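Please keep the sequence and the three-dimensional view at hand while reading.

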Amino acid sequence: MCRSIKTLRPPALPEEATEEEIRAAALQFVRKVSGFRAPAAHNRAVFDEAVDAVTEATRTLLRDLEVRGSRSAAS
């Protein structure tokens, strides 16, 4: 599952990562950690909350990373 998570920071991506790319990586991470490709109905809310939290953490990470000694332009 996590093999499909790609590096989202420059120079691996020529442009800033899109919201869709960030969310897709977060979804793959939560799937891997939870062991569920799709959660049962009784776990849907907590699964979705985890994806939202990982998406936000990833967005913050990409915004604040310093690449090659200079601040990333991903903000």
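The chain averages a pLDDT of 87, and 87% of the residues score at least 70. Where pLDDT is low, the predicted coordinates should not be read in detail.

**Overall layout**

The chain has 2 helices and 2 strands, and read along the sequence these elements follow the pattern α-α-β-β. Of the 75 residues of the chain, 24% count as buried, while the accessible surface comes to about 5300 Å², with 55% of that area belonging to carbon and sulfur atoms. Among the contacts in the chain with a separation of 6 or more, 55% are made by residues 24 or more positions apart.

Helix α1 covers residues 19-34, and because its 16 residues should span 22 Å at 1.5 Å a residue, the 22 Å between its end C-alpha atoms agrees with expectation. After α1 comes G35, whose phi is positive, near 80°. Which residues of α1 are buried? They are I22, A25, A26, Q28, V30 and R31, and what covers these buried residues includes helix α2.

**E21, a partly exposed residue of α1**

E21 is found in helix α1, and it counts as partly exposed because its relative accessible area is 22%, which lies between the limits of 20% for buried and 50% for exposed. Beyond its neighbours within four places in sequence, E21 is in contact with K6, L8, L13 and E16. The side chain of E21 makes a polar contact with that of K6, and the side chain of E21 also reaches the backbone nitrogen of T18. The C-alpha atoms of E21 and T7 are separated by 9.8 Å, although the two residues are 14 residues apart along the chain.

T55 has its place in helix α2. Is T55 buried or exposed? With a relative accessibility of 2%, T55 counts as buried, because this value is under the 20% limit. Apart from neighbours within four places in sequence, T55 is in contact with E19, I22, R23 and A26, and a polar contact joins its side chain to the side chain of R23.

A57 is found in helix α2 as well, but A57 is partly exposed, with a relative accessible area of 47%. A57 and I22 are 35 residues apart in sequence, and their C-alpha atoms lie 9.8 Å apart in space.

| From | To | Distance |
|---|---|---|
| E21 side chain | K6 side chain | 3.1 Å |
| E21 side chain | T18 backbone nitrogen | 2.8 Å |
| T55 side chain | R23 side chain | 3.5 Å |

Conventions: Residues numbered from 1 in each chain as written. Heavy atoms only, no water. pLDDT = per-residue confidence, 0-100. Helix = DSSP H or I, 4+ residues; strand = E, 2+ residues; numbered from the N terminus. Buried < 20%, exposed > 50% of the residue type's maximum accessible area, 1.4 Å probe, protein only. Polar contact = N/O pair within 3.5 Å; in protein donor to acceptor, adjacent residues only side chain to side chain. Contact = heavy atoms within 4.5 Å. Areas by Shrake-Rupley, 256 points an atom, 1.4 Å probe, with all protein chains shown as cover. Expected span 1.5 Å × (residues − 1).
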